[in-house]
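Open the model in your viewer and keep the selection panel at hand. The stops below go from one selection to the next, each with a short account of what is found there.

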Amino acid sequence: MKKERIAAGLLALSLLTGCSSSHVAADPDDMAFLAADMKRDSTIVTVNGKPVEAEKYLFWLVNAIETMRKYGILTDETWDQTYGERSLSDAIKADALETTKLYQIIELKAEEMGVTITAEQEEQMTQELESMVEQSGGEEEFQVRLDALCITKDSFAALNRIYFLNEGIRKKLEESGELTVTDQDLADYMEENGVYAAKHILISTRRISEDGMSYEEYSDEEKQAALELANSLRQQLTQAGDSQELFDQLMNEYSEDGRNPADGALYYPEGYTYIPTGQMVAAFENGAKALEVGQISQPIESEFGYHIIQRIPVDEEEAKQYCNESYKFNQITEQWLDQAEVTTTAAYDELDPKTFYERLQGVVMARADAGSLLGSQEPQESATK
């Protein structure tokens, strides 16, 4: 299941968090040119025929780089390491392009659908921007921060408009009924995400260690006893014609799949009623999916112990918590992105993220050093009396 591509709040504004400020006046030089040899308003890519200015792409490139550095994935030594099927540098470059494409698509779709920014939203954006300027220490300090992100204030503000345009598009689709979840939507969602449901009787083959923080495996003799108990319970079910009533009775009596310390009741007496593929250990998942709804398995061994699994119907109401209007909106957005025609320029093709980032940091650091030197100079007495 894919997450929403446009998050709540002013997206671009949040990226300023953690950017260090330096006491140096805003520089009028073109940061895109200084860091990447391209003018800030030059075309770097086109999306569905509409040009994207270089500084908007470079802004997202800085964000992608900083995110990778924040999580320790990107260091000075890992730029060329393999990340998936390509180098980390190429992956970062492509990630920034995807975000750029998303923002351009939303802007184009808003224009196509007649979605505009309301006066109230304009006022909200103005207030948010003014607050950021104030928190930065004024216009010059704010521009210093924007320079570190390789973007001007006007372009920065333009990116923040996309959130409101995105919300306007969503509202229009809701009103037209295009985000209403149908039975077919739900069926497609569950198939796409491999959703299933199951109950089980777990006979454990491990215990909590004395430190209460880890587990220790049973001895071979204890594991054999656990298997014999699991086989005995399965035999009882067989003799009872796989009675649902008996399954529930044995599950509540014997299962070791987590119990409330207060009353000893199972945490999941109704079973796991909504399980996307990949959530459970492979042995459990494969065993459950091999069953028809209502069928009961033979004991299946996993790292937790022996499971006697019964496949049960998925709780559709629970599934609808995930297959909802937000999900449908994401699906529509993904379709727009898949259908988008993107053309890159030679400037994009030749752009090396590592070289760009190092040059950008060099400019930022040089300005910070210059500001520190200027700020430390002692006033000199005039030579004239």
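**A guided tour**

Begin by selecting Phe 356, which, when residues up to four places away in sequence are not counted, touches Ala 35, Ala 36, Leu 58, Leu 61, Val 62, Cys 150 and Leu 351; contact here means heavy atoms within 4.5 Å. This is a predicted model, in which local features need pLDDT of at least 70 and side-chain atom pairs count only at pLDDT 80 or more, while totals for chains, interfaces and linings use all residues. Residues are numbered from 1 along each chain as its sequence is written, and side-chain values use heavy atoms, with hydrogens and water left out.

Now widen the selection to the core around this residue. Phe 356 is one of the residues that touch the most other members of the largest nonpolar core, which has 62 residues, and Tyr 57, Leu 58, Leu 61, Ile 92 and Ile 169 are listed with it. A nonpolar core is a set of buried Ala, Val, Leu, Ile, Met, Phe, Trp, Tyr and Cys residues joined through side-chain atoms within 4.5 Å, where buried means under 20% relative accessible area, exposed over 50% and partly exposed in between, with a 1.4 Å probe and protein chains only. In soluble globular proteins, nonpolar side chains tend to be buried together. Another core, of 14 residues, lies apart from the largest one, and among its members are Ala 226, Leu 237, Leu 246 and Ile 308.

Next, select helix H3, residues 54–70; helices (H or I, at least four residues) and strands (E, at least two) are DSSP runs, numbered from the N terminus. Twelve of the 17 residues of H3 are buried, including Tyr 57, Leu 58, Trp 60 and Met 68. Just after H3, look for Gly 72, which takes a positive phi of about 75°.

H3 lies across strands E1 and E2, running at about 60° to E2; axes are lines fitted to C-alpha atoms, for helices over the stretch in contact, and angles run from 0 to 180 degrees between N-to-C directions. Which strands make up the open sheet of three strands? The order is E2-E1-E11, with antiparallel pairing, and two strands pair if DSSP finds at least two bridges between them. Strand E1 (residues 43–47) and E11 are joined by three bridges, and Val 45 has Thr 344 in E11 as its bridge partner. Helix H4 (residues 88–113) also packs on this sheet, touching E1, E2 and E11, with its direction at about 130° to that of E2.

Within helix H4, select Lys 109. Is Lys 109 buried or exposed? Lys 109 is buried, because its relative accessible area is 17%, and, leaving aside neighbours within four places in sequence, it is in contact with Ile 169 and Trp 336.

For contrast, go to Lys 39, in the loop between helix H2 (31–36) and E1, which counts as exposed at 56% relative accessibility. The C-alpha atoms of Lys 39 and Glu 53 are 8.7 Å apart, although these residues are 14 apart in sequence.

Finally, select the open sheet of four strands, whose order is E8-E5-E10-E9 with antiparallel pairing. Strands E8 (272–275) and E9 (300–302) stand at the edges with a single partner each, so one side of each is left without a neighbour in the sheet.

Notes
The expected span of a helix is 1.5 Å times one less than its number of residues.
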